Amino acid sequence: MSEPPRTHWLRRWPGLMLALIAVLAVAINNRQIATTARPAMAEFQRPPFELPIWLHGPAFAFLSITMALIAGLLWYEAARPVALWWWVAQLVAYALWAPLSLGLRLHFLAALDMAIFLVLLVFGMFVFWRDSKMAALLLIPFLAWTSYLAALSVEFGRLNP
């Protein structure tokens with residue numbers, strides 16, 4: 001059985017640009033929320049395992065670039081619609097943490113968001129594997145950082161009721 005002809009990558013350009021714009025919007029929004037929240041966060045009790053605050057910005061920047069790269073790989077490989085919609089669900093979960101945790105200070109809800117994101121990431125590895133093995137493997141850094149953010153959110157909620 002022969003494979004169906006693939007769409008030329010230039011025809012997929014609008015969808016890829018939309019994904020990149022979405023990731024950029026999330027990154028800019030999260031950066032703005034973090035910058036606005038920084039003075040108020042100074043008075044919070046900090047968990048002992050919290051990484052230095054200067055590390056959070058580069059980590060989020062790296063993950064935003066990774067999220068865009070995953071979208072690019074899925075689009076380039078002409079992924080199934082389920083993989084593309086799964087990526088959108090991951091982006092929404094990724095986008096919610098900063099507003100919940102830093103903006104609204106709903107730390108336990110932010111932890112729940114990260115738990116949902118972890119589930120989306122684990123199953124996303126299986127969903128993406130069929131279309132792009134590299135896109136699936138690029139979720140590994142998200143697993144580590146999301147686990148850290150979930151624990152951080154729970155601890156911030158516990159220490160600062």
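Which side chains meet in a salt bridge at 2.9 Å, N to O? Select R46 and E50: their side chains make that contact. A salt bridge here is a side-chain nitrogen of Lys or Arg within 4 Å of a carboxyl oxygen of Asp or Glu. Keep the pair on screen for a moment.

**Before you go on**

This is a predicted model, in which local features need pLDDT of at least 70 and side-chain atom pairs count only at pLDDT 80 or more, while totals for chains, interfaces and linings use all residues. Residues are numbered from 1 along each chain as its sequence is written, and side-chain values use heavy atoms, with hydrogens and water left out.

**Stop 1: the whole chain**

Show the protein chain as a cartoon. Its secondary structure comes to 6 helices and 0 strands. Read from the N terminus, the order is α-α-α-α-α-α. Helices (H or I, at least four residues) and strands (E, at least two) are DSSP runs, numbered from the N terminus.

The protein chain exposes about 9,300 Å², and carbon and sulfur atoms supply 75% of it. Accessible areas come from the Shrake-Rupley method with a 1.4 Å probe; for residues, only the protein chains shown count as cover. Of the 161 residues, 44% count as buried. Buried means under 20% relative accessible area, exposed over 50%, and partly exposed in between (1.4 Å probe, protein chains only).

Contacts come next. A contact means heavy atoms within 4.5 Å. Among contacts in the protein chain with a separation of 6 or more, 78% are between residues 24 or more positions apart.

**Stop 2: back to the salt bridges**

How many salt bridges does the structure hold? The count is 3. Side chains of opposite charge can pair when their charged atoms come close.

Return to R46 and E50. R46 is partly exposed, with a relative accessible area of 33%. E50 counts as buried, at 18% relative accessibility.

Select R80 and D131. They form a salt bridge, with the closest N and O atoms 3.0 Å apart. This pair links distant parts of the chain, 51 residues apart: R80 sits in the loop between α2 (53-76) and α3, and D131 in the loop between α4 (107-129) and α5 (133-137). R80 is partly exposed at 24% relative accessible area, while D131 counts as buried at 15%.

Go to R158 and E155. The closest N and O atoms of this salt bridge are 2.5 Å apart. Both residues lie in helix α6 (residues 140-159), 3 residues apart, about one turn of the helix. An α-helix has 3.6 residues a turn, so residues three or four places apart point the same way. R158 is exposed, with a relative accessible area of 51%. E155 counts as buried at 15%.

**Stop 3**

Select S132, in the loop between α4 and α5. Buried or exposed, where does S132 fall? S132 is buried, with a relative accessible area of 5%. Leaving out residues up to four places away in sequence, S132 touches L73, L74 and E77.

**Stop 4: the aromatic cluster**

Select F49, F60, Y94, W97, F117, F142, W145 and Y148, which form one aromatic cluster. Rings of Phe, Tyr and Trp (its six-membered ring) pair if their centres lie within 6.5 Å; planes under 30 degrees apart count as stacked, over 60 as edge-to-face and the rest as tilted. By this rule there are 8 aromatic pairs.

Zoom in on F49 and Y148. Their ring centres are 6.4 Å apart and their planes stand at 80 degrees, so the pair is edge-to-face. It links distant parts of the chain, 99 residues apart: F49 in the loop between α1 (13-41) and α2, Y148 in helix α6. F49 is partly exposed at 37% relative accessible area, and Y148 counts as buried at 12%.

Next, pick Y94 and F142. This aromatic pair is edge-to-face too: 5.8 Å centre to centre, with 85 degrees between the planes. Y94 lies in helix α3 and F142 in helix α6, so the pair ties together parts 48 residues apart in sequence. Both Y94 and F142 are buried.

**Stop 5: helix α3 and what follows**

Select residues 81-103, helix α3. The expected span of a helix is 1.5 Å times one less than its number of residues. For the 23 residues of α3 that should give 33 Å, and the end C-alpha atoms are 33 Å apart, which agrees.

Finish at R105, in the loop between α3 and α4. Its phi is near 60 degrees, a positive value in a residue other than glycine. R105 is partly exposed, with a relative accessible area of 32%.
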